[in-house]
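Here are a few friendly notes to read alongside the structure. Take them one at a time and find each spot in the viewer as you go.

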Amino acid sequence: MTASVLTVGLFALTNCNQQPAADNQTTAEASAPSDADIVKRGEYLSNILVATTATHPKR
Amino acid sequence: MTPQGPVLDMARRFMGHPADEPFSAADKKELIQSQFVAVFSPGMTAAAGPWGVSFAANITPDDTGIGAWTEAQFIKAIREGKSKGMEGTRPILPPMPWPSYKNMTDEDLKALFAYLKTIKPINNTVPKPQSL
């Protein structure tokens, strides 16, 4: 019984430390902004560039 | 015109000073030299000051705007205040506050350019600057 518990415990511990390679790759890909993210950021920043280029009286 | 000034017309955003709205230096010189630091057109897209008369640029992705620009040109324009982001061109004139934006990161400037490339192109040839 004790040996079984120990075996299961060891198995669990060793598997906790093992990350499949795909997870690491997914994490790296997830941290890079997508094209849509970049454009969205640009849209947000464009609001601070409004200056005189966006002010037109409605005709 | 409203009591708070002109209302933003988002359909014409970033198109620059409308080509069909005259704004000349002829009647502004005395005002600039005697009383005011700058005089603006009603839509605030043209300005007369000690630098002469300048017009807001068309920064939509039309050929009359930044359609042919590269990302490098855009970054150079903002970082160095060079018209069209090209060597040997005139400086970007006031009131465009490019010195306030020149320290933006590459990431931010690239994002800005990417966004501007997605907006609706507007055909509008902005007048050239004038001297007072």
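Which residue in strand 3 of chain B is the bridge partner of A47(B)? Keep in mind that this is a predicted model.

1. The partner of A47(B) is S54(B). Their strands, strand 2 (residues 46-49) and strand 3 (residues 52-55) of chain B, pair in the antiparallel sense over 4 bridges. A hairpin through 2 residues links strand 2 of chain B to strand 3 of chain B.

2. Next, look at two helices. Two packed helices are described by the angle between their axes and the distance between the axes. In chain B, the axes of helix 2 (residues 71-80) and helix 4 (residues 106-116) come within 10 Å and cross at roughly 120 degrees, which makes helix 2 of chain B oblique to helix 4 of chain B. Their crossing is right-handed.

3. Now see who meets whom. Helix 2 of chain B contributes E71(B), F74(B), I75(B), I78(B) and R79(B), which meet residues of helix 4 of chain B including L109(B), L112(B) and F113(B). The residues of this contact divide into 7 nonpolar, no polar and 4 charged.

4. Finally, some backbone details. Most residues other than glycine have a negative phi, and most peptide bonds are trans. M44(B), in the loop between strand 1 (39-40) and strand 2 of chain B, has a positive phi of about 60 degrees. M44(B) counts as partly exposed because its relative accessibility is 33%.

5. K84(B) also has a positive phi, near 60 degrees, and lies in the loop between helix 2 and helix 3 of chain B. P95(B) is found in the loop between helix 2 and helix 3 (98-101) of chain B, and the peptide bond from P94(B) to P95(B) is cis.

Note on methods:
Residues are numbered from 1 along each chain as its sequence is written. Chains are lettered from A and ligands numbered from 1 in the order in which they are written. This is a predicted model: local features need pLDDT of at least 70, side-chain atom pairs count only at pLDDT 80 or more; totals for chains, interfaces and linings use all residues. Side-chain values use heavy atoms; hydrogens and water are left out. Two strands pair if DSSP finds at least two bridges between them. Axes are lines fitted to C-alpha atoms, for helices over the stretch in contact, and angles run from 0 to 180 degrees between N-to-C directions. Angles under 35 degrees count as roughly parallel, over 145 as roughly antiparallel, 65 to 115 as roughly perpendicular and the rest as oblique. A crossing is left-handed if the near helix is turned anticlockwise from the far one by less than a right angle, and right-handed if clockwise. Contact means heavy atoms within 4.5 Å. Ala, Val, Leu, Ile, Met, Phe, Trp, Tyr, Cys and Pro count as nonpolar, Asp, Glu, Lys and Arg as charged, and the others, Gly among them, as polar. Buried means under 20% relative accessible area, exposed over 50%, partly exposed in between (1.4 Å probe, protein chains only).
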